[in-house]
Amino acid sequence: MKRFLKSTPGAAVLIGALALVVAAAGGAWAASGSGSGKITVCVSKSDGTLYQAKKCHKKDKKLSWNAKGQQGPAGPAGKDGTNGTNGANGAVAGLSATKPGVVEFTGTSKTILTLSLPAGSFIVQGKTQLGGSATSAGYMNDSCTLADGSASNHAQFSAPFTPAQILTIRLAETSLPMEIAVTSSTPSTVTLTCEDVSSEGTAFSTGASDSVITAVQTTSNS
């Protein structure tokens, strides 16, 4: 049996469209007895009509294309990729404590400032401004220590008094920096302590001011 489709000026377009329709229809126009999934139609040379036959008429053109086959099995799963390298560690946390006023420790040793730290590793820096005065010629000898119970750093300042603009007062002062590495599995406390080691001068006094302790956490200290 033959099926006919009237030709139009866009016959070439219709042929292409027909191929898609036939393929989507599951091969309803498959060539008779082919069993290969190939779709074949004939184009009449005289009037451009399409028809299906096992063999086209003489001088008529035969068109054929493969029908869409069944979906094949899924391919094997791809291999897992390798993990990227870890980035560099940055600073984790910073802690600080300050004591802007003057803490006098004439003739004794006194705690100037403390800073509490959580468990971990830290680089700790301390700084304080030492000063002494007397109303006569003499000297001052002060010592400060930054410590956490296991690590410590000492700094000392010794100097004669220099006459001030008011001649009845003589002065000496400096800034002392200190630094320690702290590693502890439990919370710890860093303490800045200063001591009046020795001195000479009438009405002598000494103290620490503008004191600071700063701690920056690290991955580890070596």
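Trainee: Why does H154 count as exposed?

Mentor: In this predicted model, H154 has a relative accessibility of 54%, and exposed means over 50% relative accessible area, while buried means under 20% and partly exposed lies in between (1.4 Å probe, protein chains only), so H154 counts as exposed. Residues are numbered from 1 along each chain as its sequence is written, and side-chain values use heavy atoms, with hydrogens and water left out.

Trainee: What makes the link between the side chains of H154 and T145 a polar contact?

Mentor: The two side chains come to 2.6 Å, and a polar contact is a pair of N or O atoms within 3.5 Å, where within protein one must be able to donate a hydrogen and the other to accept it, and residues adjacent in sequence count only if both atoms are side-chain atoms. H154 also touches C144, not counting residues up to four places away in sequence, a contact being heavy atoms within 4.5 Å.

Trainee: How do you know that C144 and C194 form a disulfide?

Mentor: Their sulfur atoms are 2.1 Å apart, and a disulfide is a pair of cysteine sulfur atoms within 2.5 Å, so the pair qualifies. The torsion about the S-S bond is about 105 degrees, so this disulfide is right-handed. C144 lies in strand 8 and C194 in strand 12, 50 residues apart, strands being DSSP runs (E, at least two residues) numbered from the N terminus.

Trainee: Which other cysteines are joined by a disulfide?

Mentor: C42 is joined to C56 with an S to S distance of 1.8 Å, and that link is left-handed, with -85 degrees about the S-S bond. Both C42 and C56 are buried.

Trainee: Why is the aromatic pair of F161 and F204 called tilted?

Mentor: The ring centres are 5.8 Å apart with 40 degrees between the planes; rings of Phe, Tyr and Trp (its six-membered ring) pair if their centres lie within 6.5 Å, and planes under 30 degrees apart count as stacked, over 60 as edge-to-face and the rest as tilted, so this pair is tilted.

Trainee: Why does F161 count as buried, and what about F204?

Mentor: F161 counts as buried because its relative accessibility is 7%, and F204 is buried with a relative accessible area of 13%.

Notes: This is a predicted model: local features need pLDDT of at least 70, side-chain atom pairs count only at pLDDT 80 or more; totals for chains, interfaces and linings use all residues. Helices (H or I, at least four residues) and strands (E, at least two) are DSSP runs, numbered from the N terminus.
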